[in-house]
Amino acid sequence: MRPLSILRRQNPFVLGIAAVVLALVLWLGTTMAATRWPWIFDWNEVRQANKVIASVNSFQSRYGRLPDTLADMGLEDSESGPVYYQKTTDSTYIVWFGTVLGESATYESSTKQWH
């Protein structure tokens with residue numbers, strides 16, 4: 001039997017319930033992803049931030065120190081972002097970008113994790 005012919009024979013009430021459950025599961029999954037990884041929808045910023053992290057690590061390997069600014073690595077250092085770098089100690093730094101108003105995704109070199 002074809003799947004569509006099977007669906008046509010089913011009780012419309014059951015199909016309605018199944019559609020509502022599917023919509024609820026999709027909504028719940030999207031909500032959970034957005035709260036656990038708020039920057040999941042900011043792929044452009046994530047790519048730029050990963051390039052900054054790679055550049056900082058490369059600079060540190062080459063010169064034995066962290067750069068003071070993005071300009072030290074030949075990258076554009078702008079107060080308007082979208083990705084920001086800050087040297088926090090002689091051996092640690094953070095990279096961050098804004099996700100939504102008042103929120104940001106931050107990478108800490110000391111833990112090598114995004115928060």
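The largest nonpolar core of this structure has 16 residues. Among its members, Val 52, Val 56, Val 83, Tyr 85, Tyr 93, Val 95 and Phe 97 touch the most others in the core. The model is a predicted one. Four elements each give at least two residues to this core: α3 (43-63), β1 (83-87), β2 (93-98) and β3 (104-108). Helix α3 supplies the largest share, with six residues. In soluble globular proteins, nonpolar side chains tend to be buried together.

Take Val 56 as a way into the core. Leaving out residues up to four places away in sequence, Val 56 touches Leu 66, Pro 67, Met 73, Tyr 85 and Tyr 93. Tyr 85 and Tyr 93 are also on the list of core residues that touch the most other members.

Next come the aromatic rings. The structure holds six aromatic pairs. One of them joins Tyr 84 and Trp 96: the ring centres are 5.4 Å apart and the planes meet at 25°, so this pair is stacked. Planes under 30 degrees apart count as stacked. Tyr 84 sits in strand β1 and Trp 96 in strand β2, so the pair ties together parts that are twelve residues apart in sequence. Are these two residues buried or partly exposed? Tyr 84 counts as partly exposed, because its relative accessibility is 24%. Trp 96 also has a relative accessibility of 24%, so it counts as partly exposed. Elsewhere, ring pairs link Tyr 85, Tyr 93, Phe 97, Tyr 107 and Trp 114 into a cluster. Of these, Tyr 85, Tyr 93 and Phe 97 were named above for their contacts within the core.

Now move to strand β3, where Thr 106 lies. Thr 106 is buried, because its relative accessible area is 17% and the cut-off for buried is under 20%. What does Thr 106 contact, leaving aside neighbours within four places in sequence? Its partners are Ile 94, Val 95, Trp 96, Gln 113, Trp 114 and His 115. Trp 96 is the residue that stacks with Tyr 84, and Trp 114 belongs to the ring cluster.

Charged side chains complete the tour. A search of the whole structure finds one salt bridge. Lys 87 forms it with Asp 68, and their closest N and O atoms are 3.1 Å apart. Lys 87 is in strand β1, while Asp 68 is in the loop between α3 and β1, so the bridge ties together parts that are 19 residues apart in sequence. Lys 87 is partly exposed, at 27% relative accessibility. Asp 68 is partly exposed too, at 47%.

Terms used
Residues are numbered from 1 along each chain as its sequence is written. This is a predicted model: local features need pLDDT of at least 70, side-chain atom pairs count only at pLDDT 80 or more; totals for chains, interfaces and linings use all residues. Side-chain values use heavy atoms; hydrogens and water are left out. A nonpolar core is a set of buried Ala, Val, Leu, Ile, Met, Phe, Trp, Tyr and Cys residues joined through side-chain atoms within 4.5 Å. Buried means under 20% relative accessible area, exposed over 50%, partly exposed in between (1.4 Å probe, protein chains only). Contact means heavy atoms within 4.5 Å. A salt bridge is a side-chain nitrogen of Lys or Arg within 4 Å of a carboxyl oxygen of Asp or Glu. Rings of Phe, Tyr and Trp (its six-membered ring) pair if their centres lie within 6.5 Å; planes under 30 degrees apart count as stacked, over 60 as edge-to-face and the rest as tilted.
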